[in-house]
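Take a moment to look through the sequence and the 3D view before reading on.

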Amino acid sequence: MMGPVLILLGPPGAGKGTQARMLEEDFGLVQLSTGDLLRAAVAAGTEAGRKAKAVMEAGQLVSDDIVLAILKDRMAQPDVAKGVILDGFPRTAGQAAALDKLLADAGQKVTAAISLEVEDEAMVARVSGRYTCAACGEGYHDEFKQPAQAGVCDKCGGTAFKRRADDNAETVRERLQAYHAQTAPLIAHYDRLSVLERVPAMGSIDGIRASLADIVGRVSA
Ligand code: ADP
Ligand code: ZN
């Protein structure tokens, strides 16, 4: 048995990763990002990573079998007992069904699926300029959020930063299409299961953090 199972739904740039990191801090949960796991597989040059690389760079979805294998591996580690925030998973009806089954086998179910509601056009600008600290993963943006001291991470003092290969305007449009075609229908799935929470997410990071904290406090009580 494990703690709450929270899902963050929303298009690329909606703030899933940022908010997942905050929920880790606020509630002692474990962020589980299939995007991060896939990028690690690409960097490590595993077979799954070699298959995923070109698909990710084209802004399309990696096949369910690869994603599910990577996710199940991660779910087998003991720290997930604290409860998880799934960030970027599930992304297809097949993945949602597999997750429902995985949880049912463990006598559990999705605690809440939180849909971050944003406007597509703003996502292109957000994603195109973003980068992260190579050491601690803190997120920054060319226009919206530079470090207080240029070139130095506010959080850890690191001086190396990285950008994702798929964070450019063209690939973002592709990813938005994939989101609307394959992932947005999951909102109705979780609504039917009565675990859907919709959160307006065009406001400030701290405002959204507070909305999420309310929801998580309520559903995991
Ligand atoms: P974002 O939410 O900003 O698009 P992610 O890091 O979640 O960023 O995903 C980056 C890419 O990794 C996706 O465009 C896709 O190619 C792949 N990916 C991540 N998670 C999944 C998933 N659950 N199913 C299929 N592909 C995925
Ligand atoms: Zn840092």
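Is Gln182 buried, partly exposed or exposed? Gln182 has a relative accessibility of 37%, so it counts as partly exposed. The model you are looking at is a predicted one. You will find Gln182 in helix α7.

The side chain of Thr171 makes a polar contact with the side chain of Asn168, at 2.8 Å.

## The zinc ion

Now move to the zinc ion (ligand 2). Which residues coordinate it? The zinc ion (ligand 2) is held by the SG atoms of Cys133, Cys136, Cys153 and Cys156, at 2.3 to 2.4 Å. Along the sequence, these donor residues follow the spacing C-x2-C-x16-C-x2-C. Cys136 and Cys153 are a pair that links distant parts of the chain, 17 residues apart. Cys136 sits in the loop between β5 (130-133) and β6 (139-141), while Cys153 belongs to the loop between β6 and β7 (161-162).

Why is the arrangement around the zinc ion (ligand 2) called tetrahedral? The 4 donor atoms subtend angles of 102 to 114°, and the label applies because four donors count as tetrahedral if all angles lie between 85 and 135 degrees. Cys136 has a value of 27%, so it counts as partly exposed. Cys153 has a value of 3% and therefore counts as buried.

Next, click on ligand 1. How many residues surround it? There are 19 residues around ligand 1, and the closest are Thr34, Arg39, Gln60, Gln95 and Arg175. By class, this shell has 7 nonpolar, 5 polar and 7 charged residues. Helix α2 (residues 34-44) gives the most to the shell, with 4 residues.

An N or O atom in the side chain of Thr34 is 2.8 Å from a nitrogen atom of ligand 1. Arg39 brings a polar side-chain atom to 2.9 Å from an oxygen atom of ligand 1. Val62 takes part through its backbone, where an N or O atom lies 3.1 Å from a nitrogen atom of ligand 1. Taken alone, ligand 1 exposes 550 Å², and the protein buries 97% of that.

## Toward the start of the chain

Met2 is found in the segment before β1 (5-9). Its relative accessibility is 18%, so Met2 counts as buried. Met2 and Pro200 are 198 residues apart in sequence, and their C-alpha atoms are 28 Å apart in space.

Gly3 can be found by way of Gln108, whose side chain reaches the backbone oxygen of Gly3 at 3.0 Å. Gln108 itself is in the loop between α5 (93-105) and β4 (112-117). With a relative accessible area of 12%, Gln108 is therefore buried.

## Backbone details and prolines

Where does a cis peptide bond occur? One joins Phe89 and Pro90, with omega at about -10°. Pro90 is placed in the loop between β3 (84-87) and α5.

Another backbone detail is at Ser194, where phi is near 60°, a positive value in a residue other than glycine. Ser194 lies in the loop between α8 (185-192) and β8 (196-200). Its relative accessible area of 65% means that Ser194 is exposed.

Helix α8 also holds something to look at: Pro185 has its place there. Pro185 has a relative accessibility of 44% and so counts as partly exposed. Compare its position with that of Gln95: Pro185 and Gln95 are 90 residues apart in sequence, and 12 Å apart in space from C-alpha to C-alpha.

Technical notes:
Residues numbered from 1 in each chain as written. Chains lettered and ligands numbered in written order. Predicted model: local features only at pLDDT ≥ 70, side-chain atom pairs only at ≥ 80, totals over all residues. Heavy atoms only, no water. Donors = N, O, S within 2.8 Å, 3.2 Å for Na, K, Ca; no water. Tetrahedral: all angles 85-135°; square planar, octahedral: opposite > 155°, others 65-115°. Helix = DSSP H or I, 4+ residues; strand = E, 2+ residues; numbered from the N terminus. Buried < 20%, exposed > 50% of the residue type's maximum accessible area, 1.4 Å probe, protein only. Near = heavy atom within 4 Å. Polar contact = N/O pair within 3.5 Å; in protein donor to acceptor, adjacent residues only side chain to side chain. Areas by Shrake-Rupley, 256 points an atom, 1.4 Å probe, with all protein chains shown as cover. Nonpolar A, V, L, I, M, F, W, Y, C, P; charged D, E, K, R; others polar.
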